[in-house]
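Please go through this structure by question and answer. Keep each reply brief.

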Amino acid sequence: KRSHSTKKKMKKLISILIFFSLSSYSDAVQEVNTVLKKDLSYQQFTTINDEKKISTGVIKKSDGETIIEVISPYKEKYVINKDKIIVYDFEFNNTSEIEISNIDNLVLDIILYGIDNSKVNIDLIDDKTFKLSLIDHNDIEFKNINPESFSVTFDDNMNIQNYIIFKLIKS
């Protein structure tokens, strides 16, 4: 009789832990998606052959477009809609267009549309950290998640280490 009661308690405890785990996972992903819908500033730190580089800019969303402005070290602007990306390179006074259908970039997809739970495997590390485990891409880790900011760590398709901090732009 006692072991039956212990088994019930264990099942109940496991159910509660699973519920809180799923709730934390859902909250962290939802919090990132909520932040991504707003205007953001960012700092990107890359490491190439032990050389660290910093890039800063803003991401603005309006009327079906996302505008990514690189402020430093180079002046660039990317105007992104559902069909194409228009690239403005102010250093070289150059403009070009890229068809969205020609791009396979998960980080860009996340910035534009948020995290789609049905397209990625999400591993919860703690209530403020999770990792997207991907088949065709390197893993992406989301850290320090809160209602106003979060950071992302990943190696890109050229195995360059990236660390990006996203923060809400206060109006």
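Q: What volume does the second largest pocket have?
A: This is a predicted model, where local features need pLDDT of at least 70, side-chain atom pairs count only at pLDDT 80 or more, and totals for chains, interfaces and linings use all residues. Residues are numbered from 1 along each chain as its sequence is written, and side-chain values use heavy atoms, with hydrogens and water left out. On a 1 Å grid over the protein atoms alone, a pocket is an open set of points where a 1.4 Å probe fits, with protein on both sides within 12 Å along at least five of seven lines; points join across faces, edges and corners, and a volume is the space filled by probe spheres set on them. For the second largest pocket, that volume is about 170 Å³.

Q: Which residues lie closest to the centre of the largest pocket?
A: The largest pocket has a volume of about 1,200 Å³. Its lining divides into 24 nonpolar, 8 polar and 6 charged residues. Of the 38 lining residues, the closest to the centre are Q44, N105, F154, D156 and N162.

Q: Why is α2 largely enclosed by the rest of the structure?
A: Helices (H or I, at least four residues) and strands (E, at least two) are DSSP runs, numbered from the N terminus. Buried means under 20% relative accessible area, exposed over 50%, partly exposed in between, with a 1.4 Å probe and protein chains only. In α2, the buried residues are L106, V107, L108, I110, I111 and L112. The helix is largely enclosed because the buried residues number 6 of 8.

Q: Which residues does F142 touch?
A: Contact means heavy atoms within 4.5 Å. Residues up to four places away in sequence are not counted. The partners of F142 are V32, I110, I115, K128, T129, F130, L132, F150, S151 and V152.

Q: How many bridges join β1 to β2?
A: Two strands pair if DSSP finds at least two bridges between them. β1 and β2 run antiparallel, and Y42 has G57 in β2 as its bridge partner. Their hairpin has 2 residues between the strands, with N49 at a positive phi near 50 degrees. The number of bridges is 9.

Q: Is D50 buried or exposed?
A: D50 is found in the loop between β1 and β2. D50 has 76% relative accessibility, so the class is exposed.

Definitions and conventions:
1 Å grid on protein atoms, 1.4 Å probe; cavity = no way out; pocket = protein on both sides within 12 Å on 5 of 7 lines; lining within 4 Å. Nonpolar A, V, L, I, M, F, W, Y, C, P; charged D, E, K, R; others polar.
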